[in-house]
Amino acid sequence: MGMAASQARLLSLTSRLHDVELRAQAIESQKIALATQKDELYENYCEALDATKFQVAFTGADGTGKNWEIASFKNLCTYMGKERWQDYALKDNKSGLLIESEEVVENYKKYSGDKYVFAWAMLGYDMSGDGMDVGISGNANRGGDANSQFTLDRSYNDGGNSLMTGIEYSAYENATGDNKTTLDNLYNDVKTALEESDTKKRDEAVKAFRDKLYSTPETRDYIMEKQEGAGSNKTWDDVADEFNFYCRKFDAIKSAGGCTAVDPQFESGSKGETWLKNMVEAGMITILANDEPKGASANWKDTSVATSTNGNYLSEVQDNKDLKKAEAEYEHELGILNTKDTKFDRDLSKLETERTSITTEMDSIKSVRDDNIDRTFGIFS
């Protein structure tokens, strides 16, 4: 019975030992998984340390200095009502088209032949009302007397090419003094180009005429007053900056051959900021800068945040906002993982103590069993 009892106890202890070792093995596996999580957490933190974003410069609130903002499509490419140090546009490298808002794309489709009408439409003025679409046309018979070769009708185009609107023509007619004389000469250049059927000369003459029209206080104020829905509290000075912005944008779109709409979810916010940087770095889009950010003219060229001459207006900086968030997340998650790791160590220590106790007892039982066997077989020897 003594030997049987010892053997039974030994089997029970062996079973417990296997259970302890199995539990210890499971905890070791959890510690390995925990170490992997710590490595991933550290890698994510390192990525946050290396993360950067683009920033764009605006004039400071006091009219001097620079106020930097993290760049997204919205504050880089749209009219913000505040002065950027430079105009920018985004070009889709695959299609060559400019990336614009849905509103810009829609109005450009409607008014792709007329920069000024496009600009008025972007300001919210309806150019399709009575008298708004009356303008100069070169569609008259160019035979016969000179007066029949250049007429005013409701098409305001020459073979589909916009020349000017009725309001612009009325502003010219109502001009006085030296302004009228200068505009008369420019207007005659338009007529001459139409009579000669010289398309290039016509376009240049119309541009010169309309540019003068919009640069002359008398005529531009008249245009502003006659705009449908302008309201008595609106003056040219109230809309000039935004109007010229859309004129410059029109030139950029025209030069690119058209435009495509940006996905609204990427226009602004952290998602938009990340989208802009990723798309540029992946070579999917190119940033264009306008070297002439004032007035209605534009000179667009490729640029980048790495261009040294452009560093004062567009640059790449450490993403401090996301870095602070990453630091907080790293410390929080690391604390949780360390707490788990400490608990695992305590559990392993307890299991090791239990294992030591079991193996000690097993060794003692084996020793007693072996002594009993030796004495029992000694009697019969």
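These legends describe close-up views of a predicted model.

**View 1. Helix α4 crosses helix α7.**
Helix α4 covers residues 115-122, and helix α7 covers residues 199-215. Their axes come within 11 Å and cross at roughly 40 degrees. That angle makes α4 oblique to α7. From α4, the residues that meet the partner helix are Tyr 116, Val 117 and Trp 120. From α7, they are Arg 210, Asp 211 and Tyr 214. Four residues of this contact are nonpolar and two are charged. None is polar.

**View 2. Buried residues of helix α8 and their cover.**
Helix α8 runs over residues 217-226. Its buried residues are Thr 219, Tyr 222, Ile 223 and Met 224. Several helices contribute to covering them, including α4 and α7. The cover also includes α5 (166-173), α6 (177-195) and α9 (236-256).

**View 3. The loop between α6 and α7, with Ser 197.**
Ser 197 sits in the loop that joins α6 to α7. Its phi is positive, near 55 degrees, although the residue is not glycine. Most residues other than glycine have a negative phi. Ser 197 has a relative accessible area of 53%, so it counts as exposed.

**View 4. Lys 201 in helix α7.**
Lys 201 belongs to helix α7. Its relative accessibility is 32%, so it counts as partly exposed. Beyond its neighbours within four places in sequence, Lys 201 touches Thr 192, Ala 193 and Glu 196. Val 190 is eleven residues away from Lys 201 along the chain. The C-alpha atoms of these two residues are separated by 8.0 Å.

Leu 10 lies in helix α1, which spans residues 2-50. With 6% relative accessibility, Leu 10 is buried.

**View 5. Tyr 169 and Tyr 187, a tilted ring pair.**
The model has 19 aromatic pairs. In this one, the ring centres of Tyr 169 and Tyr 187 are 5.9 Å apart. The ring planes stand at 50 degrees, so the pair is tilted. Tyr 169 comes from helix α5 and Tyr 187 from helix α6. The two are 18 residues apart, and the pair links distant parts of the chain. Both residues are buried: Tyr 169 has 13% relative accessibility, and Tyr 187 has 8%.

**View 6. A cluster of aromatic rings.**
Ring pairs join six side chains here into a cluster: Tyr 79, Tyr 108, Phe 118, Phe 245, Tyr 246 and Phe 250.

**View 7. Helix α10 and the glycine that follows.**
Helix α10 has 13 residues, 269-281. At 1.5 Å a residue, α10 should span 18 Å. Its end C-alpha atoms are 19 Å apart, which agrees. Buried in α10 are Gly 272, Glu 273, Trp 275, Leu 276 and Lys 277. Gly 283 follows the helix. The phi of Gly 283 is positive, near 75 degrees.

How values were computed. Residues numbered from 1 in each chain as written. Predicted model: local features only at pLDDT ≥ 70, side-chain atom pairs only at ≥ 80, totals over all residues. Heavy atoms only, no water. Axes fitted to C-alpha atoms, helices over the stretch in contact; angles between N-to-C directions. Helix = DSSP H or I, 4+ residues; strand = E, 2+ residues; numbered from the N terminus. Parallel < 35°, antiparallel > 145°, perpendicular 65-115°, else oblique. Contact = heavy atoms within 4.5 Å. Nonpolar A, V, L, I, M, F, W, Y, C, P; charged D, E, K, R; others polar. Expected span 1.5 Å × (residues − 1). Buried < 20%, exposed > 50% of the residue type's maximum accessible area, 1.4 Å probe, protein only. Phe/Tyr/Trp six-rings, centres within 6.5 Å; stacked < 30°, edge-to-face > 60°.
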